[in-house]
Amino acid sequence: MAGLTPSQTVGPFFDRQLLWSDGGSILFAGQGERITLTGRVLDGNGVPVVDALFETWQADGAGKLPSGGEGARPYGYGRVSTGEDGAYTIDTVMPGAFKGAGGETYAPQISVTIFARGLLKGVQTRVFLVPLDAIKDDPLARAVGDPERLRTLVATRDPGNPKSYRWDVRLRGAGETVFIEP
Amino acid sequence: MVETHAADAHPPYLYPDYKSTRLRAPAQPLVRVPPSPLEAASPSFPKQFVKDSEADLTTWGTSAPLGEKMVLVGRVLDDGGRPVRRSLVELWQANASGKYPHPVDDHDAPQDPNFLGKGQVLTDDEGRYRFVTVKPGAYPWQNHAFAWRPAHIHLSLFGNAYAQRLITQMFFPGDPLCVIDPIFNSVPEAGRTLLVAELDLEHGIEGVALGYRFDIVLRGTRATPMGV
């Protein structure tokens, strides 16, 4: 079989095709506790990345994998771009934990892919919506090990608004976010 | 099946000749974990997500867009050669003058009111897709002195698993700008030809549009956890 088609950067001009109106307001078939996840994407100098495509994919409030969609939108999937301050926001539900085929437990998490000018391939990772001590048995937490690095994947709850979670992504340098190779 | 290690096919994150990678490329090693059950599944794009008219970028305006009309056909396959069926393929590109309808595009070239430069289709049961568009123009960029991007078409793919997600660019055969383009050259040499479409006259439209073929191979879903 021929080789894999290589990745190339999304570049700066993707908005018209890839952005959807309300792409950050994520639909689900069932009910769930609505939350927001917000933060900034920063480069190796801590400068906001203003032209990233930020995609999210997650289980519903019961930990069920989404299937199907509503109208012309898939369930469970979000897509926004960062703004001039590097910020993104998604409005979603608190995902439930789910099981792997081997019985392992995946802590409440959202799979995230970020594409941008200057990223020759997207970066993929998972953000956890429960505290560090609640993810010890998660497969990714086990693979990362080092709690300092793992902390880069844990969203923090806004003390003033318990329905709001904050998670910054550092593409490079001090406090660099953990990224995964699928 | 021989495992294809994705790292062999794709460019590195850091490729200093492409300046924007210097501050955006992760420096830490990636953590290898199998796709989660979530990542082994994919968002489902219902049929109504895509309108038939979105496969033809040349009929959007009040008259035909400027430039050389072309048909782009291809198949989306996984690395085992299996068709990726009913999967979303999104396309965006510059117009024939090398201009995007985007506020940050400061290239002094005309917009084409009859060309939006975007389209989308779902693959069929054989993994096939087809777009009608115009050949995009090359354009200058500020990466280095006299830098010009070769003509290219951006493609975004979902596959049947989120872990297959791919964004890439397709280039044109015989374009002398490819070999001096750091984005093209960021790909390990053996893989560069996989980014170049082939002329495919029979899939063109006689007397109207040149045909090109660009097949796309996504990483397999072999890594589905625990052999599901």
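Buried area is the accessible area, found with a 1.4 Å probe, that two parts lose on being put together, summed over both. In this predicted model, chain A and chain B bury about 6800 Å² between them. Of this area, 62% lies on carbon and sulfur atoms.

**The interface between the chains**

The contact involves 73 residues of chain A and 85 residues of chain B. Between the two chains there are 5 salt bridges. One of the salt bridges links B:Arg24 to A:Asp51, with 2.9 Å between the closest N and O atoms. There are also 36 residue pairs in polar contact between chain A and chain B, counting pairs with both residues at pLDDT 80 or more. On the side of chain A that touches chain B, strand β2 (residues 52-58) of chain A supplies the largest share, 5 residues. That side of chain A consists of 37 nonpolar, 20 polar and 16 charged residues.

The chains are also joined by strand pairing. Strand β14 (residues 180-181) of chain A and strand β1 (residues 31-32) of chain B run parallel and are joined by 2 bridges. Within this pairing, A:Ile180 stands opposite B:Val31.

**A covered strand in chain A**

How many of the residues of strand β9 (residues 109-116) of chain A are buried? The count is 8 of its 8 residues, and the strand is described as mostly covered. In a regular strand, side chains alternate between the two faces of the sheet. In β9(A), A:Gln109, A:Ser111, A:Thr113 and A:Phe115 point one way, while A:Ile110, A:Val112, A:Ile114 and A:Ala116 point the other way, and all are buried.

| Strand pair | Direction | Bridges | One bridge pair |
|---|---|---|---|
| β2(A) and β9(A) | antiparallel | 7 bridges | A:Glu55 and A:Thr113 |
| β9(A) and β10(A) | antiparallel | 6 bridges | A:Thr113 and A:Gln124 |

Most residues other than glycine have a negative phi. A:Asp22 is not a glycine, yet its phi is positive, about 60 degrees. This residue lies in the loop between α1 (15-18) and β1 (34-42) of chain A. A:Asp22 counts as exposed because its relative accessibility is 59%, and the cut-off for exposed is over 50%.

In chain B, B:Phe146 likewise has a positive phi of about 60 degrees although it is not a glycine. B:Phe146 is placed in the loop between β6 (139-140) and β7 (148-149) of chain B. With a relative accessibility of 82%, B:Phe146 also counts as exposed.

**An arginine in chain B**

The side chain of B:Arg213 makes a polar contact of 3.1 Å with the side chain of B:Asp215. Leaving out residues up to four places away in sequence, B:Arg213 touches several others, including B:Val73, B:Glu198, B:Asp200 and B:His203. B:Arg213 and B:Arg130 are 83 residues apart along the chain, and their C-alpha atoms are separated by 9.2 Å.

Notes. Residues numbered from 1 in each chain as written. Chains lettered and ligands numbered in written order. Predicted model: local features only at pLDDT ≥ 70, side-chain atom pairs only at ≥ 80, totals over all residues. Heavy atoms only, no water. Helix = DSSP H or I, 4+ residues; strand = E, 2+ residues; numbered from the N terminus. Buried < 20%, exposed > 50% of the residue type's maximum accessible area, 1.4 Å probe, protein only. Contact = heavy atoms within 4.5 Å. Salt bridge = Lys/Arg side-chain N within 4 Å of Asp/Glu carboxyl O. Polar contact = N/O pair within 3.5 Å; in protein donor to acceptor, adjacent residues only side chain to side chain. Nonpolar A, V, L, I, M, F, W, Y, C, P; charged D, E, K, R; others polar. Pairing = 2+ DSSP bridges.
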